[in-house]
Amino acid sequence: MNAYVDREQTEAKHFILRRYLQELAFKVLNTWDVAYVDGFSGPWHSQTDDLSDTSFMIALGVLRDAQQRVFERTGVRRRIRCFLSEKDPRAYRQMALAVSSFHNPAELFEVQTFHGEFVDAVGQIRLFIRTAFPLIFIDPTGWTEYPLKIIAPLFAFQRCEVLVNFMYDHVARFIDHPDPKIGASLDPILGGPAWQARLDPALRKGLAVEKLFRENLKSAGGFEYVVSTKIDKSTADRPHFFIVYGTKNRAGLKAFRQTEYDALRHHAKSRAAAKVRQREAKGGTLEMFAEFEAERKEATIDELVAEQKQLARTSILQLLERRPSIKFIEISDSLMQAYMLREPNVKDICVSLAREGKIANSWGTGGRKPNDDTIITAV
């Protein structure tokens, strides 16, 4: 049984969480212990008896597997500590029972559960993290339960990463609500009162709010990079939520952009299948071209990347108008933050611009491409 039928958005979120943890855990566990924090564990709307389609079960499974693999390869077993918070009594009982089998201090895998408000656990979580590398997952049902000033101490470690589910669809419905209390409820995640005056006028209001949230998360957490991935509704072509990612390490940004690309290709296929089911339910006929539809939808992700590359080309040339020579790493960082691009995309753009004579080829021929220290120079 597909546990994500009519839950394609959740499938995309879990795809990102799984791939992100798989990619990061193997790297981090080579050097540091890991502390994983889930601020709003649930479960909610699980379709499996063993809760395997929940974020906390996915995370614990990935982390335990990574710990064992690193141990088999290096002979060193790094400590993994997981802190799971949930305020709903029924959901907490389900979660606590489901994760109890993972708690194994003898194998340096510890799971601690907390019944209560996430914000009330901030001090306890800081002590729990100790000297480990914190990976923090914030997946609320709204926007009022994680005021950035209150949870900011969780991000104050030298090394820290965070994934936040920004509930765009919920927030967008209330941006212009006439009740001033509704507007004020967004103050804690948007930098305080009068946030409306700080919105980017060049963007639609909903997207401007999401951008302002990213800016405030970056400031509150002292993150070097904060980017986001738009996840559309199953059968409607509009955003349901954004997965916002903050990191203090460039390697994390590079890895996340690859995870994002893989997730969006997968999500496109899932959405195509959901739309086929919807048409079949309405029309009562089988969809003959379902496979073609899925492939076409997947192709649109690459078309989106192509559009982003075109915009990035212009940005590179504009950067070089202001500074005739720039290291590739600076250009890459700038473009990966501004656009949905992976580092290989940025290298390909530079190669293309050099072929067109718009920038100098300073990295050589024979299939070579720029590296971090390559100086990109305007012609």
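I took helices as DSSP runs of H or I with at least four residues, numbered from the N terminus. The model is predicted, and I required pLDDT of at least 70 for local features and 80 or more for side-chain atom pairs, whereas totals for chains, interfaces and linings use all residues. Residues are numbered from 1 along each chain as its sequence is written, and side-chain values use heavy atoms, with hydrogens and water left out.

Entry 1, cavities. I defined a cavity, on a 1 Å grid over the protein atoms alone, as a set of points where a 1.4 Å probe fits but cannot get out; lining residues have an atom within 4 Å of a point. Points were joined across faces, edges and corners, and a volume is the space filled by probe spheres set on them. I found 3 cavities of 30 Å³ or more. The largest cavity has a volume of about 60 Å³.

Which helix gives the most to the lining of the largest cavity? I noted helix 9, with 4 residues. Helix 1 (8–28) and helix 9 (250–283) each supply at least two lining residues. I listed the lining as Tyr20, Glu23, Leu24, Glu161, Tyr245, Gly252, Ala255, Phe256 and Thr259.

I located leucine 207 in helix 8 (residues 205–221). Leucine 207 is partly exposed, because its relative accessible area is 24% and that class lies between buried (under 20%) and exposed (over 50%), with a 1.4 Å probe and protein chains only. Leaving out residues up to four places away in sequence, I found that leucine 207 touches Tyr168 and Phe242, contact meaning heavy atoms within 4.5 Å.

Notes
1 Å grid on protein atoms, 1.4 Å probe; cavity = no way out; pocket = protein on both sides within 12 Å on 5 of 7 lines; lining within 4 Å.
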